[in-house]
Amino acid sequence: SSGINAEWPLRPGIEELNTVTVSKYKIIDSPVNKLNSENMRRFNRMTAHPETKDTAGMVWFEVEDVKDFASVPTLAPAFLKMVPILRHCHRLRQVRAGKVERYIVLL
């Protein structure tokens, strides 16, 4: 029964991470001249660290994306607790690109 209790908070967190990822790629795919100032700031931050060979062609996000796009402000600290569980279940892979830590979503 403890496994059910431990699993329960993951589901809303995973759904929120999906929302974060979709929001990030909507901004990246939008024309630059259509972005408002807040989304332009996000776009500049996202493009400041380009894709690496490890993240090319993959869906990925950074902790800053979680802080920017999460509708729940407490998701960022909870996300750091979810990372080992999601890595163990092969749903997330952690990659470092210089000082930036990225999380690749595995389907």
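Start with Asp65 and Lys24. Their side chains meet in a salt bridge, at 3.3 Å from N to O. By salt bridge I mean a side-chain nitrogen of Lys or Arg within 4 Å of a carboxyl oxygen of Asp or Glu. This pair links distant parts of the chain: Asp65 sits in helix 4 (residues 63-69), Lys24 in helix 2, and they are 41 residues apart. Both Asp65 and Lys24 are buried. Buried means under 20% relative accessible area, exposed means over 50%, and partly exposed is in between, with a 1.4 Å probe and protein chains only.

A word on the source. This is a predicted model: local features need pLDDT of at least 70, side-chain atom pairs count only at pLDDT 80 or more, and totals for chains, interfaces and linings use all residues. Residues are numbered from 1 along each chain as its sequence is written, and side-chain values use heavy atoms, with hydrogens and water left out.

Back to Asp65. Which other residue does Asp65 bridge to? Arg45, with the closest N and O atoms 2.7 Å apart. Asp65 lies in helix 4 and Arg45 in helix 3, so this pair ties together parts 20 residues apart in sequence. Asp65 and Arg45 are both buried.

Now look at Glu101 and Arg96. They form a salt bridge too, at 3.3 Å from N to O. Glu101 counts as partly exposed because its relative accessibility is 23%. Arg96 has 63%, so it counts as exposed. Elsewhere, salt bridges with shared partners join Lys24, Glu38, Arg41, Arg42, Arg45, Glu62, Asp65, Asp68 and Arg102 into one network. The count by this rule is eleven salt bridges.

Next, helix packing. Two packed helices are described by the angle between their axes and the distance between the axes. Helix 2 (residues 10-29) packs on helix 3 (residues 37-48) at about 95 degrees, with the axes 10 Å apart. That makes the two helices roughly perpendicular, a label that covers 65 to 115 degrees. Axes here are lines fitted to C-alpha atoms over the stretch in contact, and angles run from 0 to 180 degrees between N-to-C directions.

Who meets whom? Lys24, Ile27 and Ile28 in helix 2 meet Asn39, Arg42, Phe43 and Met46 in helix 3. Contact means heavy atoms within 4.5 Å. By class, this contact has four nonpolar, one polar and two charged residues. Note Lys24: it takes part in this contact and also bridges to Asp65.

On to the core. A nonpolar core is a set of buried Ala, Val, Leu, Ile, Met, Phe, Trp, Tyr and Cys residues joined through side-chain atoms within 4.5 Å. The largest one has 20 residues, and those with the most contacts inside it are Leu17, Phe61, Val66, Phe79, Leu92 and Tyr103. Helix 2, helix 3, helix 4 and helix 5 (75-88) each supply at least two of its residues. Helix 5 gives the largest share, six residues. Take Phe79. Leaving out residues up to four places away in sequence, Phe79 touches Leu17, Phe61, Val63, Val66, Leu92 and Tyr103.

Last, the whole chain. There are five helices and three strands, in the order α-α-α-β-α-α-β-β. These are DSSP runs numbered from the N terminus, helices being H or I with at least four residues and strands E with at least two. Of the 107 residues, 33% are buried.

Terms used
Angles under 35 degrees count as roughly parallel, over 145 as roughly antiparallel, 65 to 115 as roughly perpendicular and the rest as oblique. Ala, Val, Leu, Ile, Met, Phe, Trp, Tyr, Cys and Pro count as nonpolar, Asp, Glu, Lys and Arg as charged, and the others, Gly among them, as polar.
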